[in-house]
Amino acid sequence: MTDCAMYNITVQGYHPSTICVVIDSLPASLEYFKDVINSPLIQDSMNEFIEEFARTDEIMPSDRTLGFVIINSSKKVISFSFSELPREIMDTCEKSLSDFRKAGYEVEIDVNKIN
């Protein structure tokens, strides 16, 4: 079983497919994405982000989507919504989300933390 976060991203008019990121990679993906939104080469940076973090193995019936990360750079909004998320992963994600707030993003968080 693999737990995933689904990313839905719109950055400077570029909107790739929704991608699945393995939940253990969620904190690193948020940290990496801070560089993507500031890149002068958005499409190249997005492709690198997808290559680095998008799940590529076969989806199995036992896999679960725990939540969604929706990013819209033109509106400067991030919605971070999870039905459950391990506390240690959320604690790490909160550091990156705080950096997005400092950069002027409205960050909406709706998370049920689990131990």
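## Close-up views of a predicted model

View 1. Lys 113 sits in strand E5. The model shown here and in the other views is predicted. Is Lys 113 buried, partly exposed or exposed? Its relative accessible area is 31%, and a residue is called buried under 20% and exposed over 50%. Lys 113 is therefore partly exposed. Setting aside residues up to four places away in sequence, Lys 113 touches Leu 85, Arg 87, Met 90, Asp 91 and Glu 94.

**View 2. The five-stranded sheet.** Five strands make up an open sheet with mixed pairing. Their order is E2-E1-E3-E4-E5. Which strands form the edges? They are E2 and E5, and each of them pairs on one side only. On average, neighbouring strands of this sheet are turned by 20° against each other, with direction ignored. Helix H2 packs on the sheet and touches E1 and E2. The direction of H2 makes about 50° with that of E2. In general, strands of a sheet pair through backbone hydrogen bonds, either parallel or antiparallel.

**View 3. Strand E1 beside strand E3.** E1 covers residues 3-10, and E3 covers residues 64-72. The two strands run parallel. How many bridges join them? There are eight. Two of the pairs can be picked out by residue. Asp 3 stands opposite Arg 64 of E3. Thr 10 has Asn 72 of E3 as its bridge partner.

View 4. E4 spans residues 77-86 and runs antiparallel to E3. Gly 67 has Phe 82 of E4 as its bridge partner. Phe 68 stands opposite Ser 81 of E4. The hairpin has four residues between the strands. Lys 76 lies in this loop between E3 and E4. What is the phi of Lys 76? It is near 55°, a positive value in a residue other than glycine. Most residues other than glycine have a negative phi. Lys 76 has a relative accessibility of 34%, so Lys 76 counts as partly exposed.

**View 5. Strand E4 beside strand E5.** E4 and E5 pair in the parallel sense. Eight bridges link them. One of the pairs joins Pro 86 to Ile 114 of E5.

**View 6. Helices H1 and H2 side by side.** H1 covers residues 26-37, and H2 covers residues 42-53. Their axes come within 9 Å and cross at roughly 170°. Are the two helices roughly parallel or roughly antiparallel? Angles over 145 degrees count as roughly antiparallel, and H1 and H2 are therefore roughly antiparallel to each other. From H1, the contact uses Ala 28, Ser 29, Tyr 32, Phe 33, Val 36 and Ile 37. From H2, it uses Ile 42, Ser 45, Met 46, Glu 48, Phe 49 and Phe 53. By class, this contact has nine nonpolar, two polar and one charged residues.

**View 7. Helix H3 and its buried residues.** H3 spans residues 87-102 and has 16 residues. From first C-alpha to last, H3 reaches 23 Å, close to the 22 Å expected. Which residues of H3 are buried? They are Ile 89, Met 90, Cys 93, Ser 96, Leu 97 and Phe 100. An α-helix has 3.6 residues a turn, so residues three or four places apart point the same way. The buried residues of H3 pack against H1, E4 and strand E5. Gly 104 follows H3 and has a positive phi, near 95°.

**View 8. Tyr 14 in its loop.** Tyr 14 lies in the loop between E1 and strand E2. Which residues does Tyr 14 contact, leaving aside its neighbours within four places in sequence? They are Ile 9, Ile 42, Gln 43, Met 46 and Asn 47. Ile 42 and Met 46 also take part in the contact of H2 with H1. The C-alpha atoms of Tyr 14 and Ile 89 are separated by 28 Å. Along the chain, Tyr 14 and Ile 89 are 75 residues apart.

Notes:
Residues are numbered from 1 along each chain as its sequence is written. This is a predicted model: local features need pLDDT of at least 70, side-chain atom pairs count only at pLDDT 80 or more; totals for chains, interfaces and linings use all residues. Side-chain values use heavy atoms; hydrogens and water are left out. Two strands pair if DSSP finds at least two bridges between them. Axes are lines fitted to C-alpha atoms, for helices over the stretch in contact, and angles run from 0 to 180 degrees between N-to-C directions. Angles under 35 degrees count as roughly parallel, over 145 as roughly antiparallel, 65 to 115 as roughly perpendicular and the rest as oblique. Contact means heavy atoms within 4.5 Å. Ala, Val, Leu, Ile, Met, Phe, Trp, Tyr, Cys and Pro count as nonpolar, Asp, Glu, Lys and Arg as charged, and the others, Gly among them, as polar. The expected span of a helix is 1.5 Å times one less than its number of residues. Buried means under 20% relative accessible area, exposed over 50%, partly exposed in between (1.4 Å probe, protein chains only).
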